[in-house]
Amino acid sequence: MLPLVLASSSPYRRELLSRLRLPFTWTAPSIDETPHPGEDAGSLVRRLAAEKTGALAKEHPHHLIIGSDQVAVLNGQILGKPHDLPRARLQLQSASGNSVTFLTGLALLNTSSGALQIDCIPFTVHFRLLDTARIERYLEAEQPFDCAGSFKSEGLGVTLFRSTEGEDATSLIGLPLIRLVDMLLAEGVQIP
């Protein structure tokens with residue numbers, strides 16, 4: 001098996017990948033994540049996931065490199081990571097009573113063969129009606145400022161949901177393991 005590299009500095013993605021019990025290393029790629037003019041959310045996350053793998057290809061010439069990127073979409077608008085309290089508050093106020101679709105781009109690059117697999121996995125969260133006090137309590141408790149959509153589904157964020165829909169709940173956290181296993185199997189990786 002070629003060595004695995006996760007092209008991410010995300011502790012959430014590292015934790016998810018560790019569930020597969022495969023040895024891997026990780027490193028943060030340096031890419032420009034600015035959307036191209038007119039680029040839709042699905043195209044954006046596919047492109048960024050692939051660019052993350054490509055950014056590490058030279059320093060890892062005989063590896064399988066995993067790249068992933070995620071955006072949240074509400075009423076056709078891309079929600080990024082809020083980075084601060086005021087933006088997180090606005091994102092959750094906008095999500096209240098609405099549905100937010102999370103698109104997770106996933107890429108696997110075999111740097112020996114040049115084979116690149118790319119996909120985009122959707123997952124939708126239907127939010128409860130959230131009053132100001134509940135939003136403030138949640139943001140104080142988890143401070144999800146590095147999370148697209150301003151919540152941590154693996155923590156208290158789940159209390160904000162009315163329901164969810166999608167084929168792979170791990171895609172909501174940022175690394176769709178079901179689809180990743182398909183990609184790894186196509187590269188001959190034995191799991192488990």
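Predicted model: local features only at pLDDT ≥ 70, side-chain atom pairs only at ≥ 80, totals over all residues.
**Entry 1: the overall search.** I started by searching the whole structure, and eight salt bridges turned up. I followed up a few of them below.

**Entry 2: E51 and R47.** I looked up the E51 pairing and found a salt bridge to R47, with the closest N and O atoms 3.0 Å apart. Both residues sit in helix α2, which covers residues 41-55. They are four residues apart, about one turn of the helix. I then checked accessibility: R47 is buried at 15%, while E51 is partly exposed at 28%. The cut-off for buried is under 20% relative accessible area, so R47 falls on the buried side with its 15%.

**Entry 3: a network.** Which residues are linked with R47 in a network of salt bridges? I found E39 and E51 joined with R47 there.

**Entry 4: D69 and K52.** Next I turned to D69, which forms a salt bridge with K52; their closest N and O atoms are 2.9 Å apart. D69 belongs to strand β3 (residues 64-74) and K52 to helix α2, so this pair ties together parts that are 17 residues apart in sequence. Are these two buried or exposed? D69 is buried, with a relative accessible area of 6%, and K52 counts as buried too, at 7%.

**Entry 5: R87 and D84.** Last, I looked at R87, which makes a salt bridge with D84, the closest N and O atoms being 3.2 Å apart. R87 comes out as partly exposed at 47% relative accessibility, and D84 is partly exposed at 26%.

Conventions: Residues numbered from 1 in each chain as written. Heavy atoms only, no water. Salt bridge = Lys/Arg side-chain N within 4 Å of Asp/Glu carboxyl O. Helix = DSSP H or I, 4+ residues; strand = E, 2+ residues; numbered from the N terminus. Buried < 20%, exposed > 50% of the residue type's maximum accessible area, 1.4 Å probe, protein only.
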